[in-house]
Amino acid sequence: MAPDASTFQDWPKDHAALEAVQLARLQETVRHAATNSPFYRRRLGEIGISADDIRSLADIARLPFTTKADLRDTYPFGMFAVPSEKVARLHASSGTTGQPTVVGYTTGDIATWGHLVARCIHAAGGRPGMRVHNAYGYGLFTGGLGAHYGAEALGCTVIPVSGGQTERQVRLITDLKPDLIMVTPSYMLAILDEFRRQGVDPAASSLRYGVFGAEPWSAGMRREIEKAFALRATDIYGLSEIMGPGVAQEFLADAGEGSTIWEDHFLPEIVDPATGARLPDGETGELVLTSLTKEALPILRYRTRDLTRLMPGAATPMRRMAKIAARSDDMLIIRGVNVFPTQIEEQIGRCSGLAPHYLIHVTRTDRLDEVTIQVEEREPGDEAGRAHHTRTLVALVKDNLGVSARVEIVPARSLPRSEGKAQRVRDTRPR
Ligand code: DLL
């Protein structure tokens, strides 16, 4: 039987039903972790907590946090809760600092993951029978295969392009006429440049929907992509430690107003990033996630480092999270002022003559932090135009972020383009 919409809208329909599912699954996850994961057996044993102590959802606060360092310390398999012959797939995060971390999936986990990404694509406007161009990187990164299995589970035709070879991306979009694209927003901008370089009108492409994530992106970038390609863009969120893409997704109907967390599979909390104290819904802090259905790698109260806040559900009883503005470890402290790269991106978006391609250089001379924003002009202009853009951006950054930055306007298409997640910051200050 062909799947209908209810297949991809199979969440509990009211709060009571949702909480009942969450509690049963939380108890089962704690029991599974405490019994079968060497790491959690030790950690929960040390503090004397067992599944029997979880009598309500509030009891989650009795569980210890899990951090990236725990995954590193138990590398590669010390947190796994199934024997190795039950592990059907491994993924890894490259880890900008040293040691990679490895995550694993049973066949059941892969099926759940595919189903949740199918929910995402459906919420984003995708329907069975559509063609999906998948330009997330295939390989150890969870983006490519995660999106692929989701699109297949929804009943779409997947075009597994992966990242890179930008000329060919344009060719394939033009020839194969996909309805929906899945790609990082920064690489979508590189594809847009290539459309223009080839003299192909992006707005005339077949694309109608885009599912963008894996990195922060501003409202300005969303407008840029939607307008240029005449498509509807939504945000997909996820992380490999919890599963990969598909932990949360924006619905087309309220795009721009937060992503729904699939709360029947992941229990969210917000904590103060400095103290770990729980914060009420509505307050901004660090997102903490507990898996509720994972078999190979159950994970309790994982500190994501992503900063957001929780909001009531809209289309569903599940809560939404505000767009991730930043990771706590991306914060630049410039002469004592806290600045996130996306805040600078927002100011660039307010200058009509500037393109959303930029690099932030942070240096230190004579013990003073210096910030230089290199940003591309949209069209080749003259000296007077560049001086005007420079003055405008310097003033916007000063007025809105409280930081004095140098601005250097560089020619269009001169900065490096990402093929996956963009690297926006070059911080060469001594540690
Ligand atoms: O980036 C999974 C993914 C793939 C998500 C494709 C969406 C689409 P990791 O490589 O483990 O997994 O990186 C996870 O990326 O903690 C966030 O800091 C960031 N991130 C992911 N999605 C978003 C988003 C994948 N929509 C880390 N907005 C997370 C902002 C995001 N940041």
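Here are some questions and answers on the ligand, a pocket and some strands of this predicted model.

Reader: Before we start, what pLDDT do local features need here?
Author: Residues are numbered from 1 along each chain as its sequence is written, and side-chain values use heavy atoms, with hydrogens and water left out. In this predicted model, totals for chains, interfaces and linings use all residues, side-chain atom pairs count only at pLDDT 80 or more, and local features need pLDDT of at least 70.

Reader: Which residues come nearest to the ligand?
Author: A residue counts as near if one of its heavy atoms lies within 4 Å of the molecule. There are 19 residues around the ligand, and those that come nearest are Asp235, Ile236, Ser240, Asp306 and Lys421.

Reader: How far is an oxygen atom of the ligand from an N or O atom in the side chain of Arg327?
Author: A polar contact here is a pair of N or O atoms within 3.5 Å. On the backbone side, Ala214 has an N or O atom 3.1 Å from a nitrogen atom of the ligand, and a polar backbone atom of Glu215 is 3.2 Å from a ligand nitrogen. For the side chain of Arg327 and the ligand oxygen, the distance is 3.0 Å.

Reader: Which element gives the most to the shell around the ligand?
Author: Helices (H or I, at least four residues) and strands (E, at least two) are DSSP runs, numbered from the N terminus. Helix H5 (142–154) and strand E7 (232–239) each give two or more residues to the shell. The one that gives the most, with 5 residues, is E7.

Reader: What volume does the second largest pocket have?
Author: A pocket is an open set of points on a 1 Å grid over the protein atoms alone, where a 1.4 Å probe fits, with protein on both sides within 12 Å along at least five of seven lines; lining residues have an atom within 4 Å of a point. Volume is the space filled by probe spheres set on the points, which are joined across faces, edges and corners. For the second largest pocket, this is about 330 Å³.

Reader: Which residues that line this pocket are the closest to its centre?
Author: The lining has 21 residues, and helix H1 (15–36), strand E10 (266–271) and strand E11 (278–279) each give two or more of them. The closest to the centre are Leu57, Glu263, Leu267, Pro268 and Arg319.

Reader: Which residue stands opposite His361 in E22?
Author: Two strands pair if DSSP finds at least two bridges between them. Strand E19 (residues 354–365) pairs with strand E20 (residues 368–377) in the antiparallel sense over 9 bridges. E19 also pairs with strand E22 (residues 425–427), in the parallel sense over 3 bridges. Opposite His361 stands Arg426.

How values were computed. Polar contact = N/O pair within 3.5 Å; in protein donor to acceptor, adjacent residues only side chain to side chain.
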